[in-house]
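The sequence and structure come first.

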Amino acid sequence: MSFQLGAALLDACVLAILAKEDAYGYSLTQQVREVMDISESTLYPVLRRLQKGEYLTTYDQPFQGRNRRYYRITESGRAKYEELLEEWLEYKQKIDSVLLGGINRE
């Protein structure tokens, strides 16, 4: 993809995934990679930032003899997700009006 990702859009994608269900780091990375090219080393600072902002909490769950760290969205995280989603929709509408404004689709 040619477009640059901003931190807010990455935060919104992570919060959107966690708004549906809890997830561990690797599975989160895989889900985010379905829409954007990121590495795990990019995602973990995002998770720490969201956790520091109290938008996420963590818990450990045993899996095949090891613990997996799961991330869960908080009520503050859900409010932040709604805020970011509103901003995204407004931004997307403005970009669409510019990009699609000169195209006759009939």
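Strands E2 (residues 56-63) and E3 run antiparallel and are joined by 8 bridges. Two strands count as paired if DSSP finds at least two bridges between them. The model is a predicted one, in which local features need pLDDT of at least 70 and side-chain atom pairs count only at pLDDT 80 or more, while totals for chains, interfaces and linings use all residues. Residues are numbered from 1 along each chain as its sequence is written, and side-chain values use heavy atoms, with hydrogens and water left out. Helices (H or I, at least four residues) and strands (E, at least two) are DSSP runs numbered from the N terminus.

**Strands and turn**

Phe63 has Arg66 as its bridge partner in E3. E2 and E3 make a hairpin with 2 residues between them. Gln64, in the loop between E2 and E3, has a positive phi near 50° although it is a residue other than glycine. Gln64 is exposed, at 71% relative accessible area; buried means under 20%, exposed over 50%, and partly exposed in between (1.4 Å probe, protein chains only). E3 also pairs with strand E1 (residues 23-24), in the antiparallel sense, over 2 bridges. There, Tyr71 in E3 is the bridge partner of Ala23.

A positive phi of about 65° occurs at Glu54, which is not a glycine. Glu54 sits in the loop between H3 and E2 and is exposed, with a relative accessible area of 58%.

**Helix packing and core**

H1 and H2 pack at an angle of about 115° with their axes 10 Å apart. The axes are lines fitted to C-alpha atoms, for helices over the stretch in contact, and angles run from 0 to 180 degrees between N-to-C directions. Leu10, Val14, Ile17 and Leu18 in H1 meet Leu28, Gln31 and Val32 in H2, contact meaning heavy atoms within 4.5 Å. Not counting residues up to four places away in sequence, Val32 touches Leu10, Val14, Ile17 and Ile38.

The largest nonpolar core has 21 residues, and those touching the most other members are Val14, Leu15, Leu18, Leu28, Val32, Leu47 and Leu56. At least two residues of this core come from each of H1, helix H2 (25-33), H3, strand E3 (66-73) and H4. H1 gives the most, with 7 residues. Such a core is a set of buried Ala, Val, Leu, Ile, Met, Phe, Trp, Tyr and Cys residues joined through side-chain atoms within 4.5 Å.

**Salt bridges**

A salt bridge is a side-chain nitrogen of Lys or Arg within 4 Å of a carboxyl oxygen of Asp or Glu; the count comes to 6 by this rule. The table lists some of them.

| Pair | Closest N to O |
|---|---|
| Asp11 and Arg49 | 2.4 Å |
| Glu83 and Lys80 | 3.3 Å |

Asp11 forms its salt bridge with Arg49. Asp11 lies in helix H1 (residues 7-20) and Arg49 in helix H3 (residues 40-52), so this pair ties together parts 38 residues apart in sequence. Asp11 is buried, at 11% relative accessible area, whereas Arg49 is partly exposed, at 39%.

In the second pair, Arg69 is partly exposed at 43% relative accessibility, and Asp60 is partly exposed at 38%. Glu83 and Lys80 both belong to helix H4 (residues 75-101), 3 residues apart, about one turn of the helix. Glu83 is partly exposed, with 38% relative accessibility.
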